[in-house]
Amino acid sequence: MDQAASPRPNRADRRRCRTREALLAAGRQLFAQRDVDAVSIDEIVNVADVAKGSFYNHFPDKEAFAREIGAAVRNKIEDMIISATAGVTDPALHVALGMCVFAHFANTSRDGARVLYKLNDGSTMVEAPINRRVVDVVRRGLEAGRFCDIDLQTGILLVMGQTVITVRHVLEERRTTPPAEVAQNMARSMLRALGVPLAEARRLATQAASRIFQ
């Protein structure tokens, strides 16, 4: 028997969804420019062009609103990395691809990258949710001997630090080096610091940048 078709959203539901999306879009725009504390709810609803009461129909407060925006951007880039590394078994190539994904995201979604940085407090902590896959891949690289002369925590901090500075540099308005080249060079230096031989680090960084910035 055919399953009954899902009921179509009515006009009120569609209007509610549009209002919510307008608020989230306004938040992404404003939080990319300023810290959460420097943005008022009045500004958010003005940019979204909705009534102030509408904000509280969707979010209990500004902090919950900011957390949802930060989580959405974080989930988006995690999905991009999962897609880019599907079928990749080499931890060294995996971390190089991950860095290139972050650099590409910063180049093509500048507001999103700024929001990712601003709204993920504690992102340099090993146990932060945004880093759980980094922990796994660095651990696998060490266990397989792909990375060497470095402990787990230092390896994780190295990957996170290199990635953060790469994103910040790609966002720099005065940057003259193309993003793909920045990503490739930084991925190579990251792999070298993880103990990957120079020739192999060059090959993998070139492969990763070519795949992501194709």
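S109 lies in the loop between α5 (91–108) and α6, where helices (H or I, at least four residues) and strands (E, at least two) are DSSP runs numbered from the N terminus. This is a predicted model, in which local features need pLDDT of at least 70 and side-chain atom pairs count only at pLDDT 80 or more, while totals for chains, interfaces and linings use all residues. Residues are numbered from 1 along each chain as its sequence is written, and side-chain values use heavy atoms, with hydrogens and water left out. At 21% relative accessibility, S109 counts as partly exposed, given that buried means under 20% relative accessible area, exposed over 50%, and partly exposed in between (1.4 Å probe, protein chains only). From C-alpha to C-alpha, S109 and L171 are 9.7 Å apart in space, although 62 residues separate them in sequence.

**The chain as a whole**

The chain has 10 helices and zero strands, and its pattern along the sequence reads α-α-α-α-α-α-α-α-α-α. The C-alpha trace spans about 60 × 55 × 30 Å along its principal axes. Of the 214 residues, 42% count as buried. If contact is taken to mean heavy atoms within 4.5 Å, then 67% of the contacts between residues at least 6 apart in sequence join residues at least 24 apart. The chain exposes about 11800 Å², of which carbon and sulfur atoms supply 50%; accessible areas come from the Shrake-Rupley method with a 1.4 Å probe, and for residues only the protein chains shown count as cover.

T163 is found in helix α8 (residues 152–171) and is buried, with a relative accessible area of 10%. Leaving aside neighbours within four places in sequence, T163 is in contact with M99 and F102. L158 is also found in helix α8, and, with neighbours within four places in sequence again set aside, L158 is in contact with I150, M190, A193 and L194. L158 and A128, which are 30 residues apart in sequence, stand 15 Å apart in space from C-alpha to C-alpha.

**Charges and salt bridges**

Lys and Arg count as positive and Asp and Glu as negative, whereas His and the chain ends are not counted. On this basis the chain has 30 positive and 25 negative side chains, and the centres of the two sets lie 4 Å apart; the place of a charge is taken as NZ of Lys, CZ of Arg, CG of Asp or CD of Glu. Side chains of opposite charge can pair when their charged atoms come close. With a salt bridge defined as a side-chain nitrogen of Lys or Arg within 4 Å of a carboxyl oxygen of Asp or Glu, the count comes to 13 salt bridges.

R133 lies in helix α7 (residues 132–143) and E78 in helix α4 (residues 62–84), so the pair ties together parts that are 55 residues apart in sequence. The two partners fall into separate accessibility classes: R133 is partly exposed, with a relative accessible area of 39%, whereas E78, at 9% relative accessibility, counts as buried.

D111 and R114 both lie in helix α6 (residues 110–118), three residues apart, which is about one turn of the helix. D111 is partly exposed, with a relative accessible area of 36%, and R114 counts as partly exposed at 23% relative accessibility.

E200 is partly exposed, with a relative accessible area of 22%. Salt bridges that share partners join D90, R146, E200 and R203 into one network.

**A patch of positive charge**

R11, R14, R15 and R18 gather in a patch of positive charge on the surface; patches are made of residues with over 30% relative accessible area and no salt bridge, like charges being joined within 9 Å. One of these residues, R11, is found in helix α1 (residues 11–33) and counts as exposed at 62% relative accessibility.

Terms used
Patches are made of residues with over 30% relative accessible area and no salt bridge: like charges are joined within 9 Å, nonpolar side chains (Val, Leu, Ile, Met, Phe, Trp, Tyr) within 5 Å.
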